[in-house]
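Thanks for making time this morning; I would like to walk you through one structure, a few places at a time.

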Amino acid sequence: MKKKWQGFWAGLFVSLFSVSLVWAQTGHEPTIKVSEEELQKAASEEGLQRSGNFGPFHLFGYGELHYNGKIGPTPNEIDFHRFVLGLGYDFNDRIKLRSELDFEHAFKEPELEFAYLDFLIQPSFNVRAGAILVPMGVLNQHHEPPLFYSVERPEIYRVIIPTSWQGAGAGFHGQLPGGLDYELYGLSSLIAVQLDDTGAIAQSFSGSEGFHDDHSIGEAPGRDFGAAGRLEYKEIPGLRVGSSFFLGNTGQGNSAIGGGFLSMVEGDAKYSFEGIDLDGILAFTNLTDAGNIDHVLIAADPTFTDFVGSQMLGWYVEAAYHLFHHLLPQTEHDLVVFTRFEDFNTQSKMPAGFAADPANDRRTITTGISYLPIPQVAIKADYMINWSQANAGVDQFNLGLGFYY
Amino acid sequence: MRRLFFFLFLLFPGLLNAETIYLKPTEALKIIFHESKEVVSEKKTLTDAQKLSIEKKLGSKLEKKEWTVYVARTGRKIDGYALIDHEMGKSEPITFLTAITPEGEVKAVEVLVYRESIGSEVHEGRFVKQYRGKKASDPIRVGQDIANISGATISSRAVTRGVKRALLLWEVFYGKV
């Protein structure tokens, strides 16, 4: 009996609320002497088509060409680092396919960057399923080269947060009231150790590169699943504050490892004002059973010494200034000078019985310039000063050309 | 069960619309010009010289010479003007409405349709209210008199360019030269 009344009151309240909303909007109302069709036509996208859109098909992508000049005896490299072809198809206004195929290192390593279906239900609740870029930090999902100023992605986004980290799974995304964006997915997890047919290490976590060497989508055992999520606040113009997490086992059924539970958390912020950008991120990871992972790696390769740490910690702060902001306020060109200080330790805590290599406690200062004649094209040059607790580190000069379309 | 569906229907009016449509043009005009008696449309055409002059001030090409302006009036008194236009975001067009006062200042900017998956914050109040009171002679530039939305720089710039264009068009069609 009581329940019935609860339903009635809830219904009455909701109805009154809806009615009052409609009433508030229609209290004063002009007569619109323009036909609904004409207005709808004016608001349709006809007449303004992106060159890469062909009806429901969308062609997009990006590319970057790098020259890395190592200071000292290390050989220099020139590399068509990435050429990414994006394909999209809109089944209708609500169901959309988006995919990117990455031809890394000049077509030598073709790789699926992502391929997912978006089911757009309403702004606060949408469903995404497929191979999804993990929402860890900002750069993993929004990685088109003109969107960051350095030639290479920041080191934090290479050794702590894996580069182009994707997982297969599904979840939700949308906007919450108050200007909060959220994403929450259940995804296939990383793999701590993958051995090839001969029992040699095909790929694994490592002490120096963290989880970088993982390109496990496609062939992932699909045993261990993880959860990934991100909250982002962008309500105040110029400010973005976000935080992400990933939780999941990485042992993938290897009984010698056990779970290998990885927790990764990250916080980031960016503030832009008067042509100045201030940007920062702090990322922390904890990996259980790191000692077991190291023992498995030694068993597969007795010479293995790049021991996986149980914790990693890294952060950076970056300041950038758009030179034309005050100098040539009318121009559409953009010339950015920036400097970034990164401090990261991929072995900040070691499992019992393993010692950290001081060479993995590193700092990097990257200073450079990025010129964007149009927002989609960037020509970049920077110098990286690298050093570590072991007093090692090779400085590097980078030149880059990046674009997206 | 049926009652449950009815409540869901009331709670999520968004289910009725495609997710990117924030406001129908009719609704936007009704809300912005709620004090007016009627809204009519006027077709306006730019001369080659006017088109060129706007392009010069805007720093980019105009796609067309013919424009439709929605004029809100009460009797013979004009209450304001509105233009519906599109600008290219990162990969999809953004459709927005710029409402202008009889004095040539921005009255309101409403994003009507946003088609991209990121950067949709440009439709939110805190961003679009920055345009209020801007005139064709103001810089109206992201980073200068308009703060951008971090992570949505391209969309911020696109809408900003569109608002400037609407003001320049208004100046030619209705401004005192």
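Let me start in chain B, where B:Ile140 sits in the loop between α4 (125-128) and α5 (153-174); helices here are DSSP runs of H or I with at least four residues, strands are runs of E with at least two, and both are numbered from the N terminus. Residues are numbered from 1 along each chain as its sequence is written, and chains are lettered from A and ligands numbered from 1 in the order in which they are written.

B:Ile140 has a positive phi of about 45° although it is not a glycine. Is this residue buried or exposed? It counts as buried, because B:Ile140 has 22 C-beta neighbours inside 10 Å, where buried means 20 or more other C-beta atoms within 10 Å, exposed means 12 or fewer, and partly exposed is in between, with C-beta atoms placed from the backbone.

In chain A, A:Glu274 also has a positive phi, of about 50°, and is not a glycine. A:Glu274 lies in the loop between β14 (261-273) and β15 (276-287) of chain A, and it is exposed, with 12 other C-beta atoms within 10 Å.

Now to helix α2 of chain A, residues 36-43, whose buried residues are A:Leu39, A:Ala42 and A:Ala43. Seen down the axis of α2(A), these fall within an arc of 95°, so they line one face of the helix; the arc is that of the directions from the helix axis to the C-beta atoms. The face turned away from that buried side carries the exposed residues A:Glu37 and A:Gln40. What covers the buried residues of α2(A) includes elements of chain B, among them β2 (66-74) and β3 (77-88).

As for chain B itself, it has 5 helices and 5 strands, and buried residues make up 48% of its 177 residues.

Finally, a word on confidence: chain A averages a pLDDT, the predictor's confidence in each residue from 0 to 100, of 86, and 87% of the residues score at least 70. Over residues 19-26 of chain A, however, the pLDDT is below 50. Where pLDDT is low, the predicted coordinates should not be read in detail.

Terms used
Predicted model: local features only at pLDDT ≥ 70, side-chain atom pairs only at ≥ 80, totals over all residues. Contact = placed C-beta atoms within 7 Å.
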